Amino acid sequence: NTIMFKGQGRGKTTLTSTGVTVTLSSTQYVTFDNMTITTTATSGNLFANTSDVGCGITNSNIIAATYSAATVYLVYSTNSIRFTLNNNRFVGGYYQWYDYGTSGGSTTIGFSTCTNNRFISMGIVSIYSVYPTGNTYTNNVIDSSAYATPSYGLLSEYESGCTYNANRIYAHASYGALFELDNYYAITINNQILPVNITNNIISGGYTYGCYYLPENSPTGAVSIFAHNTIYAQAGCTYGIYAEFLSNAANTQIFASNIIVCISPAGANGGVVSKPGVGYGMYLYLNTNNQMITYNGNDLYVTGGAYVNYYNGSSTTAYATYSGFITAIQAANPAYETGGTNFMPPFISVPTNLLLDTTKPSPTGVYAGVNFDILGKPRCKLFPTAGVMESPYGKSKPVVKFYLPTNVYPGSPTTIFQSGKPADPKAYY
């Protein structure tokens, strides 16, 4: 059986208290819908759920005082199973959703969904997930921060088999997003190790790290995909992206078809920060090459500073130009970035609208198993657009004529001619 506490609307039904407003402990299949849940407390938790199964909050406002005047966790989850957060507005708080699973991962704890939510006026972090298995985060907007120097737009640590897709992370934070040690613990469900999928996300709020991505010691078969993300690092970032591939098992990592843009502040002298020579568009740590399934099709564009600080397994070298970096990385593996590009994408309006102007050429990536873009539109599989949005530019349906001979005889070989030219781009939908 399921129980739903259904309000009359966010502005009409309010649950409030001077402390923890809702506590669920080993509760099963209870949902709070269409209401406002709030507290006048300045510390502690607003909504606390532990060891619950199939519970959730939907279509509601979840509100507390802002940090640093208060240190309230809006939703504090521990060992939750199939918890649902859908179409909510999180406003204020210290951590807005904290989700703690089981150290080492679990075949049962986790599998929660966080979809279509908006996170507003966060304190230290919007979503902080550590140790859950199989969580899915899609179509969320991390809108803004109330605190001047928050730590993370989003923080994911030691998650197993998580999916982050089509999220928009705009909030001003030291780390636009940090994905660290996901799939360090591999979890097998139905004889298959759950993959990590980080795809189609816009990350544009980081002021020290545009994005920090650290897969480490992933075991054999624990695949992680970081593909078709658009990262726009704020002026002053130390790194547009910090990508550290550290001692993962062979053939476990895909890093493909991302757009990474890092714009330096005016007057920066040799670096992508105001301190000359400090910052880079990318820090790439790649201590073994066999861990990569694909490293290809990324668009990297930097102005006013050096491009990449690259560790190749034995030494670190800074490259001031894109061409210098490509020469170095292809010396390590000739297949790396053969489809990479180096130009400013035709964004509609930076940094607030990082979708593409489809009347102009966009960087082309490579197919990385991502079949839909951030808008839910199918991707071209032969010539996919890098970044979150699939552009139809240059992919109109080709006009091809077929010619048959005058006579076609049953059982005899027949040659049919066509007018398409070799290597013509064709739309594949």
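In this talk I will go through the strands, the aromatic pairs, the salt bridges and one surface patch of the structure above.

What you see is a predicted model, in which local features need pLDDT of at least 70 and side-chain atom pairs count only at pLDDT 80 or more, while totals for chains, interfaces and linings use all residues. Residues are numbered from 1 along each chain as its sequence is written, and side-chain values use heavy atoms, with hydrogens and water left out.

Let me begin with the strands, which are DSSP runs of E with at least two residues, numbered from the N terminus; two of them pair if DSSP finds at least two bridges between them. An open sheet is formed by 11 strands with parallel pairing, and its order is β2-β5-β8-β11-β14-β17-β20-β26-β29-β32-β35. At the edges are β2 (14–15) and β35 (299–303), each of which pairs on one side only. Within that order, β8 (residues 61–66) and β11 (residues 89–93) run parallel and are joined by 4 bridges, with isoleucine 63 standing opposite valine 91 in β11.

Next I turn to β27. Strand β27 (residues 206–214) has 7 of its 9 residues buried, so the strand is largely enclosed by the rest of the structure; buried here means under 20% relative accessible area, exposed means over 50%, and partly exposed is in between, with a 1.4 Å probe and protein chains only. Which strands pair with β27 in the parallel sense? One of them is β21 (residues 173–175), over 2 bridges, where tyrosine 175 stands opposite tyrosine 209 of β27. Another is β22, which pairs with β27 over 3 bridges, and there glutamate 180 has leucine 214 of β27 as its bridge partner. A further one is β30 (residues 239–245), which pairs with β27 over 4 bridges, alanine 243 in β30 being the bridge partner of tyrosine 213.

Now to the aromatic side chains. The whole structure holds 48 aromatic pairs, where rings of Phe, Tyr and Trp (its six-membered ring) pair if their centres lie within 6.5 Å, and planes under 30 degrees apart count as stacked, over 60 as edge-to-face and the rest as tilted. Phenylalanine 179 and phenylalanine 226 form one of these pairs, edge-to-face, at 6.4 Å centre to centre and with 75 degrees between the planes. Because phenylalanine 179 lies in β22 (residues 178–180) and phenylalanine 226 in β28 (residues 224–227), this pair ties together parts that are 47 residues apart in sequence. Both phenylalanine 179 and phenylalanine 226 are buried.

Tyrosine 232 and phenylalanine 347 make another edge-to-face pair, with 6.2 Å centre to centre and 80 degrees between the planes. Tyrosine 232 in β29 (residues 230–233) and phenylalanine 347 in β38 (residues 347–349) are 115 residues apart, and the pair links distant parts of the chain. Tyrosine 232 is buried at a relative accessible area of 10%, and phenylalanine 347 also counts as buried, at 11%. Phenylalanine 347 stands opposite leucine 356 in β39, and β38 forms a hairpin with β39, with 3 residues between them; these two strands pair in the antiparallel sense over 2 bridges, β39 being residues 353–356.

How many salt bridges does the count come to? There are 4, taking a salt bridge as a side-chain nitrogen of Lys or Arg within 4 Å of a carboxyl oxygen of Asp or Glu. One of them joins aspartate 143 to arginine 118 at 2.8 Å, N to O. Aspartate 143 lies in the loop between β17 (141–142) and β18 (152–157), and arginine 118 in β14 (residues 118–120), so the pair ties together parts that are 25 residues apart in sequence. Aspartate 143 is partly exposed at 27% relative accessibility, and arginine 118 is partly exposed at 32%. Another salt bridge joins glutamate 390 and arginine 379, also at 2.8 Å, N to O, but here both residues are buried.

I close with the surface. Phe402, Leu404, Val408 and Ile416 form a nonpolar patch with about 430 Å² of accessible area together. Such a patch is made of residues with over 30% relative accessible area and no salt bridge, nonpolar side chains (Val, Leu, Ile, Met, Phe, Trp, Tyr) being joined within 5 Å and like charges within 9 Å, and the areas come from the Shrake-Rupley method with a 1.4 Å probe, where for residues only the protein chains shown count as cover. Phenylalanine 402 is found in β40 (residues 402–403) and is exposed, with a relative accessible area of 58%.
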